[in-house]
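Please walk through this protein model with attention to its helices and its charged pairs.

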Amino acid sequence: MTKLHERIGAQPSERLAGIRRGVEKEGLRVLPSGALALTPHPEALGAALTHPLITTDFSESQLELITGAHRSAQATLDELVEVHQFTYRALAQQPGGGEMMWVSSMPCGLPTDETIPLGRYGSSNIGRAKSVYRMGLGHRYGRRMQTISGIHYNWSLPGVTSEEYFALIRNFRRSAFVLLYLFGASPALCPCFVAGREHSLQPLGDGRNALHLPHATSLRMGRLGYQSDAQATLAVSYNGLKGYADSLHDALTRPYPAYEAVGVMNLGGEYNQLGTSLLQIENEFYGTIRPKRTVRTGERPLHALRERGVEYVEVRLMDLDPFEPVGINAQTMRLLDVFLLHCLLSDSPPDTPAEIAELKHNQHLAAERGREPGLQLMRAGRSVALTDWAAELLAECAPIAQALDAAQHTDAHAQALAAAQALVAAPGQTPSARVLQVLAERHAGNFTAFALERSAAARDHLLAQPWSAEQQQRHAGHVAQSLAEQKAIEAADTLPFEAWRQQYMSVEQLG
């Protein structure tokens, strides 16, 4: 019996039943033409600053729908579906009523960069700071990149220490290529996204309506997606809370010449960004997975982590699945639960600079060429076939799936694992391969036509589901409460914004 078998056998069923998972799902609001909706965040959805379930991400046009933390994948999905149902009902009642949520991770038809609207959160200091932060992201990376959307999967298990969560994170980063292969769903994009940029994408059809890479799984997680030359200089280690916090502290306080040149304010006295360090705030740090801790009002995330440790992890590499009405299904969540437990319970040696470079190489290969027959990744300096390594990892997950099934009196985790194993042997069945197939066969290589059809199908499916007066009343209550809370925050502000900004951005706040 392996150490992994022994560890999973030692887990009490009640502990495994105590896993909590929640979802944050981003999606652009689009017009029936496939162009980005430039309308403000609908008031019928409440205040983006304070609504617990419905907010915006980078752009005013980019919805983010959030679930609470649930004891089962099905309960998580049920809440995600309900929040979508309410959102679609509100969108249908907007003037024009034609807006939809875009079901693809790679964006719709985009206007010029400066025309993409930044998220707006009212006149309070915290609300203004959120908008200024987004202005800074636009200056640093371009607004187009920020319109990429995905799913974040938040996960915790009772009794896990910060050091154990960091061990999980190291293993997750080592084997993240498996998830890109299994669930990547962004192998193609609208040519508008790369207009004026160097890229190695190939035309689909005549190339006017779609670009792709033939074996790509997730362009979102490749070199064209959430990448940053500035952040590439960060050597963040995940060997423990102190080392991680120290490297983040350095990035949050180290002046960065290119951002100093932009300045905090422009000549007209308008804010360009919150600060001129390598990272404005913690959330700017991109990664496939993050250690997280719930913050108190006005508290910096790094301070919360240092004071109270890691509370849960946030998995950030999941693409929206355009074949699922809400971008993910319960089976995928169950596979994530199995996978994350495998990462937690397996041996996790410290990472090294050489390994970190290897992992970045593997991520780019898996994202851009993951379905290529015979593709080789690097493991401890040696070449290994992606499919062999993936099959090995998933085989190790079998006792974990069995233990979760025993804890929940089901066989759903074993089914999720079997489905994943079948995909390793059949790359043509993966979501990324299906996207390219449907794009070519049904839409003559037109990315917008494909995503619009899938978006309309998702909307129609969700609007056709039963919806009770009680559900409507509950969600209308969230809306009213969020609007009142935003007003209260605005009324309670006493500091001028610049004084508030300096205080919030001070080194002392980082703990």
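The model is a predicted one.

Start with helix α4, residues 125-141. The helix has 17 residues. From first C-alpha to last, α4 reaches 24 Å, close to the 24 Å expected at 1.5 Å a residue. How much of α4 is covered? Most of the helix is: twelve of its 17 residues are buried. Glycines among them are Gly 127, Gly 136 and Gly 138. The buried set also includes Arg 134 and Arg 140, as well as Tyr 133 and Tyr 141. Asn 125, Ala 129, Ser 131, Val 132 and Leu 137 are buried too. What do these buried residues pack against? Their partners are strand β2 (54-56) and the helices α5 (143-146), α8 (257-262) and α18 (497-504). Just after α4 comes Gly 142, with a positive phi of about 85°.

Next, look at a helix pair. Two packed helices are described by the angle between their axes and the distance between the axes. Helix α3 (residues 73-92) packs on helix α16 (residues 447-463) at an angle of about 100°. The two axes are 9 Å apart. That angle makes α3 roughly perpendicular to α16, because angles of 65 to 115 degrees count as such. From α3, the contact uses Val 81, His 84, Gln 85, Tyr 88 and Arg 89. From α16, it uses Ser 455, Arg 459, Leu 462 and Leu 463. By type, the residues of this contact divide into four nonpolar, three polar and two charged.

Arg 459 leads on to the salt bridges. Its side chain meets that of Asp 460 in a salt bridge of 3.0 Å, N to O. Arg 459 is partly exposed, at 23% relative accessibility. Asp 460 is also partly exposed, at 42%.

How many salt bridges does the structure hold? The count is 25. Side chains of opposite charge can pair when their charged atoms come close. Asp 319 lies in the loop between β10 (312-318) and α10 (330-345), and Arg 220 in the loop between β8 (211-212) and α7 (241-253), so the bridge ties together parts that are 99 residues apart in sequence. Are these two residues buried or exposed? Asp 319 is buried, with a relative accessible area of 3%. Arg 220 is buried as well, with a value of 3%.

Glu 470 and Arg 474 both lie in α17 (residues 469-492), four residues apart, about one turn of the helix. An α-helix has 3.6 residues a turn, so residues three or four places apart point the same way. The side chains of Glu 470 and Arg 474 meet in a salt bridge of 3.1 Å, N to O. Glu 470 is partly exposed, with a relative accessible area of 46%. Arg 474 is partly exposed too, at 36%. Elsewhere, salt bridges link Arg 290, Lys 292, Glu 314 and Arg 316 in a network.

Finish at strand β7 (residues 202-203), the place of Gln 202. Gln 202 counts as partly exposed, at 37% relative accessibility. Which residues does Gln 202 touch, not counting residues up to four places away in sequence? The contacts are Ala 210, Leu 211, His 212, Leu 213 and Pro 214. Gln 202 and His 212 are ten residues apart in sequence. In space, their C-alpha atoms are 5.3 Å apart.

Terms used:
Residues numbered from 1 in each chain as written. Predicted model: local features only at pLDDT ≥ 70, side-chain atom pairs only at ≥ 80, totals over all residues. Heavy atoms only, no water. Helix = DSSP H or I, 4+ residues; strand = E, 2+ residues; numbered from the N terminus. Expected span 1.5 Å × (residues − 1). Buried < 20%, exposed > 50% of the residue type's maximum accessible area, 1.4 Å probe, protein only. Contact = heavy atoms within 4.5 Å. Axes fitted to C-alpha atoms, helices over the stretch in contact; angles between N-to-C directions. Parallel < 35°, antiparallel > 145°, perpendicular 65-115°, else oblique. Nonpolar A, V, L, I, M, F, W, Y, C, P; charged D, E, K, R; others polar. Salt bridge = Lys/Arg side-chain N within 4 Å of Asp/Glu carboxyl O.
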